[in-house]
Amino acid sequence: MEPAGCPGGLLPRPCRVLVLLNPQSGRGKALQLFQTLVQPLLKEAEVSFELMLTARQNHARELVCAEELGHWDALVVMSGDGLMHEVVNGLMERPDWETAIQKPLCSLPGGSGNALAASLNYYAGYEQVTNEDLLTNCTQLLCRRHLSPMNLLSLHTASGLQLYSVLSLAWGFVADVDLESEKYRRLGEIRFTVGTIFRLATLRTYQGQLAYLPVGQAASAVPASPALAQKGPVDTHLVPLEEPVPSHWTVVPEQDFVLVLVLLHTHLSRELFAAPMGRCEAGVMHLFYVRAGVSRAMLLRLFLAMQKGKHMEYQCPYLVHVPVVAFRLEPKNQRGVFSVDGELMACEAVQGQVHPNSFWMVCGSRDALSGWEPQRPPPEEPL
């Protein structure tokens, strides 16, 4: 399958795109970088554009909800990961969401957290880079026009909220660093380093129940309960949060965690190569969790090693990775927050299911899958 108007999985030439840009993102230099670095490359590649600047939170969400998408061959998002989160959720809120979500998207890094752009940079075969080099690489991907289908995570909370994630859901340490580092946003990427050091100094544990559906069990059974009432793709593996998880799910026996991370891509930020096992297959996502008991020193070593994707080589007994298709996380109290694509969300029971090849993004590889075959160890054995 290919997106409408894009034969061969390529954007047309010439090409018309709508650019949504947050001028406050990162260090407040996104607009200047677009004008000096991105714009000349687009002109040379015959990519015409209209530029819209976002003025407040959820502005991009409102814009794409109302936009006549037929005017554009693609939507280009230049900011951090949060703006892409807004755009995708805005598309999924439209009455014509099934058509709208097929509009190709492009991520240009302009914020302090650019994990999605860093992942796309990795899929294209580029070396891990940051700042203007990463922006140049991602702009060149747009100029080359190749599209690739992406997984989408559908989330449901106990309060009835339904939303979608293009990148990650974090609870515990990682989400706390996102929250703590907000006050250092003007520092750019280094804000996460500052937040990590602060949170290590006051390391917490979090109580909750974690359950998941491993890749190997996904086809073995489907829930007996009716699918959740919802708009959007049907979550066939989920039952209502008031019910126990189906019997073929794995329930983690421990209930004390330092962090839980659901990740759809390889990078957690521009310089955190969190999933060195590679790009997920269609309909699969990474689940990482760190059990309570890990020392501050080991946690620091893991995060330092993650810059080069070497953290799994420590074989830390507290760090577990499992490829999954669905999960449920039920905090025992209100301690901590959730971070969804870098955006903060209230701490409450949440569950989600990944949907394969749900939308299209500009990417260096047109393949839906990587060569990675997901490992299927005994679920509770650390890698």
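In which hand does helix 1 pass helix 6? Helix 1 passes helix 6 in a right-handed crossing, a crossing being right-handed if the near helix is turned clockwise from the far one by less than a right angle, and left-handed if anticlockwise. The model is predicted, so local features need pLDDT of at least 70 and side-chain atom pairs count only at pLDDT 80 or more, while totals for chains, interfaces and linings use all residues. Residues are numbered from 1 along each chain as its sequence is written, and side-chain values use heavy atoms, with hydrogens and water left out.

The chain has 9 helices and 15 strands; these are DSSP runs numbered from the N terminus, with helices (H or I) of at least four residues and strands (E) of at least two. Of the 383 residues in the chain, 58% are buried. Buried means under 20% relative accessible area, exposed means over 50%, and partly exposed lies in between (1.4 Å probe, protein chains only). Among contacts between residues at least 6 apart in sequence, 79% join residues at least 24 apart, contact meaning heavy atoms within 4.5 Å.

Two packed helices are described by the angle between their axes and the distance between the axes. Helix 1 (residues 30-44) and helix 6 (residues 131-144) pack at about 30°, with axes 9 Å apart. The axes are lines fitted to C-alpha atoms over the stretch in contact, and angles run from 0 to 180 degrees between N-to-C directions. Helix 1 and helix 6 are therefore roughly parallel to each other; angles under 35 degrees count as roughly parallel, over 145 as roughly antiparallel, 65 to 115 as roughly perpendicular and the rest as oblique. Helix 1 contributes Leu33, Leu37, Val38, Leu41 and Leu42 to the contact, and helix 6 contributes Glu132, Leu135, Thr136, Thr139, Leu142 and Cys143. By class, the contact of helix 1 with helix 6 has 8 nonpolar, 2 polar and 1 charged residues. Ala, Val, Leu, Ile, Met, Phe, Trp, Tyr, Cys and Pro count as nonpolar, Asp, Glu, Lys and Arg as charged, and the others, Gly among them, as polar.

Another helix pair is formed by helix 2 (residues 59-66) and helix 3 (residues 81-93), which pack at about 35° with their axes 8 Å apart. Their crossing is right-handed. Here 6 nonpolar, 3 polar and 3 charged residues make the contact.

Strand 3 (residues 74-79) holds Ser79. With 6% relative accessibility, Ser79 counts as buried. Beyond its neighbours within four places in sequence, Ser79 touches residues including Asn22, Ser25, Leu108 and Asn114. Ser79 and Asn114 are 35 residues apart in sequence, and their C-alpha atoms are 7.9 Å apart.

Side chains of opposite charge can pair when their charged atoms come close. The whole structure has 7 salt bridges, each a side-chain nitrogen of Lys or Arg within 4 Å of a carboxyl oxygen of Asp or Glu. One of them joins Arg204 and Asp176 at 3.7 Å, N to O. This pair links distant parts of the chain, 28 residues apart: Arg204 is in the loop between helix 8 (190-201) and strand 8 (206-214), and Asp176 is in helix 7 (residues 173-181). Arg204 is partly exposed at 28%, whereas Asp176 is buried at 3%.

Arg56 and Glu62 also form a salt bridge, with the closest N and O atoms 2.5 Å apart. Arg56 is partly exposed at 47% relative accessibility, and Glu62 is partly exposed at 39%.
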